[in-house]
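Dear colleague,

I am passing on the structure below, together with some notes on its aromatic rings. Please read the notes with the structure open beside them.

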Amino acid sequence: MYRPYSSSPAGSRPFRDVESLLRDLTQDFATSFNTGNYDQAAAFFASDGVLMAPRQEAAYGQKAVEHLLRRLGDAGYSDLRLETTRVEHSGDMAMELGRFTVAARQPDGTIVPERGKYVKVWRRIGAWLIIADSWSGVVQAMSDRAA
């Protein structure tokens, strides 16, 4: 079966399957965010890509995405963990579903874990780039917060 060459910098193997490649790119994005490399994290987005985070205005384009990620990091969000649960693709488009956890520093200095779900839409434009990323938190039950 013929698989087109991927020019993605995510790996030296040109014929990786799309699901594995996107899973790895998602982990690279989380690593970039966690290390404060917001410009590198924003580079995973297409020039017209959008990041839609809860309680935030949508950020369109790499510079706006970088600024939003920096604001989230400065606000105390850290230790982002992403778990891809499903990848579907056809041609140069792919959809990724998953779960996330992140540590959120509160004004009193305490760290509160947050969790939720996300959907990413990827497009292969030479390399696979995010054209839309939307995530939302899951409300924790009172019993979960006390644990």
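**Aromatic rings and their surroundings**

Phe29 is buried, with a relative accessible area of 6%, where buried means under 20% relative accessible area, exposed over 50% and partly exposed in between (1.4 Å probe, protein chains only). Please bear in mind that this is a predicted model, in which local features need pLDDT of at least 70 and side-chain atom pairs count only at pLDDT 80 or more, while totals for chains, interfaces and linings use all residues. Residues are numbered from 1 along each chain as its sequence is written, and side-chain values use heavy atoms, with hydrogens and water left out.

Rings of Phe, Tyr and Trp (its six-membered ring) are taken to pair if their centres lie within 6.5 Å, and planes under 30 degrees apart count as stacked, over 60 as edge-to-face and the rest as tilted. The count by this rule is four aromatic pairs. One of them joins Phe29 and Phe44 edge-to-face, at 6.2 Å centre to centre and with 85 degrees between the planes. Phe44 is likewise counted as buried, at 12% relative accessibility. In another pair, the ring centres of Phe33 and Tyr38 are 5.6 Å apart and the planes stand at 65 degrees, so this pair is edge-to-face; both Phe33 and Tyr38 are buried. Ring pairs also link Phe29, Phe44 and Phe45 into a cluster.

Lys120 lies over the face of Phe29, 4.8 Å from the ring centre, and its charged end sits over the ring of Tyr118, at 5.2 Å from the centre; the criterion is NZ of Lys or CZ of Arg within 6 Å of the ring centre and within 35 degrees of the ring normal.
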